[in-house]
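Please keep the sequence and the model in view while reading.

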Amino acid sequence: MQLDERKKKILQAIIRNYLETGEPVGSRTISKYTDLNLSSATIRNEMADLEELGYILQPHTSAGRIPSDKGYRLYVDTMMEEKEREVEEMKEMLLEKEDKMEALLKQVVRVLAQNTNYATMISAPQIQRNKIKFIQLSRVDRGQILAVIVVEGNMIKNHMLEVPEGLDDETLLKLNMLLNTHLNGLPIEEINLGLIAALKQQAGIHSAIVSEVLDAVAEVIKEDEDLEIYTSGTNNIFKYPELADNAKASELISAFEEKRALSTLVQETLADENNTGIQVYIGDESPIQNMKDCSVVTATYELDGGMKGTIGIIGPKRMDYDKVVGTLKSLMHQMDDLYKKKD
């Protein structure tokens with residue numbers, strides 16, 4: 001017999017309450033935990049059906065109910081299906097967004113080069129402020145669980161953990177609840193030694209699992225993603241005699257092709273948290289050695305979820321600053337409209 005939605009909600013409420021308190025759960029308690037607006041008598045009837053079907057047990061007369069192994073199994077399978085579906089939907093959405101974002105950035109940098117007649121670059125947005133959205137521990141086999149870690153910006157990382165074979169479903173659920181209750185929405189910098197010690201203490205004999213999950217979270221944050229940079233208009237350099245000298249042009253083109261110098265420019269621009277406007281570097285002011293004979297104008301764009309990127313225009317010192325700054329301001333407004341209002 002398949003459970004209807006009402007029975008499933010009551011069973012979920014019983015299990016959640018029992019996991020929190022460790023005490024048998026009565027109908028009056030459940031009436032406070034569900035949004036069904038049912039009387040205690042109706043809930044008692046539903047609980048009787050759940051007991052007859054083997055999903056809950058009555059440990060002794062006049063006591064409330066506790067989940068059976070069958071009840072835990074249904075709860076775990078349902079929860080895992082929901083989480084897996086949520087993660088898959090998130091991955092599909094991210095892939096779609098990444099494809100659209102890549103096409104947009106390539107178009108932006110190409111149009112910038114055409115409109116300004118200078119060399120242009122734009123970096124893909126990166127996560128600057130990291131918060132944990134949720135952690136999902138899932139059983140893979142008797143000796144392994146998979147930790148799925150989702151952080152701000154919907155960056156998803158998977159980490160495989162070796163665990164004792166005796167780790168049961170109830171313990172796995174308790175660990176999921178422990179981690180998510182304390183870490184959901186928490187900025188990474190607030191995960192301090194005191195919090196780690198408290199989590200490990202609450203996890204008891206399973207503190208090693210909590211410790212390994214927290215190590216995996218730290219790895220996610222420290223992990224350096226390859227910085228994607230798109231460029232266009234490199235040949236525009238040859239339009240300006242002061243930059244067309246073979247040695248100077250070669251250095252500039254090399255900087256654009258290898259992108260290491262551009263990556264430095266992006267990282268330095270994004271490192272200044274207060275820098276969300278337009279910066280102009282003239283000659284020796286440039287943070288890149290190869291561009292000391294140029295002017296570099298950068299703008300930081302910001303999308304939802306703490307995602308930031310850098311737009312750069314590189315040209316001669318006699319560049320048309322008014323046109324360049326105006327173009328960048330217009331572009332930033334357009335990106336703001338596209339990604340903050342419509343997405």
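## Helix H5 and the cores

In this predicted model, the buried residues of H5 are Asp169, Thr171, Leu172, Leu173, Leu175, Asn176, Leu178, Leu179, Asn180 and Leu183. The helix is built from 15 residues and spans 21 Å from its first C-alpha to its last, which is close to the 21 Å expected at 1.5 Å a residue. Just after H5, Gly185 adopts a positive phi of about 80 degrees.

Within this helix, which covers residues 169–183, lies Thr171. Thr171 counts as buried because its relative accessible area, 17%, falls under the 20% cut-off. The side chain of Thr171 also makes a polar contact of 2.6 Å with the side chain of Asp168.

The largest nonpolar core has 27 residues, and those with the most contacts inside it are Ile135, Leu137, Ile145, Leu183, Ile191, Ile209 and Val210. Two or more residues of this core come from each of the elements strand E5, strand E6, H5, helix H6 and helix H7, and H7 gives the most, with six residues. The residue ranges of four of these elements are set out below.

| Element | Residues |
|---|---|
| Strand E5 | 132–141 |
| Strand E6 | 144–151 |
| Helix H6 | 193–203 |
| Helix H7 | 207–222 |

Once residues up to four places away in sequence are set aside, Val210 touches Leu175, Leu178, Leu179, Leu199, Lys200 and Ala203. A second, separate core has 24 residues, including Tyr118, Tyr230, Tyr240 and Tyr301.

Asp293 is partly exposed, because its relative accessibility of 38% lies between the 20% and 50% cut-offs. Leaving aside neighbours within four places in sequence, Asp293 is in contact with Leu243, Lys248 and Lys317. Asp293 and Leu252 are 41 residues apart in sequence, while their C-alpha atoms are 9.8 Å apart in space.

As to confidence, the mean pLDDT of the protein chain is 79, and 84% of its residues reach 70 or more. Confidence is lowest in strand E4 (residues 126–127), with a mean of 64, whereas strand E1 (residues 56–57) has the highest, at 92.

Technical notes
Residues are numbered from 1 along each chain as its sequence is written. Side-chain values use heavy atoms; hydrogens and water are left out. Helices (H or I, at least four residues) and strands (E, at least two) are DSSP runs, numbered from the N terminus. Buried means under 20% relative accessible area, exposed over 50%, partly exposed in between (1.4 Å probe, protein chains only). A polar contact is a pair of N or O atoms within 3.5 Å; within protein, one must be able to donate a hydrogen and the other to accept it, and residues adjacent in sequence count only if both atoms are side-chain atoms. Contact means heavy atoms within 4.5 Å. The expected span of a helix is 1.5 Å times one less than its number of residues. pLDDT is the predictor's confidence in each residue, from 0 to 100. A nonpolar core is a set of buried Ala, Val, Leu, Ile, Met, Phe, Trp, Tyr and Cys residues joined through side-chain atoms within 4.5 Å.
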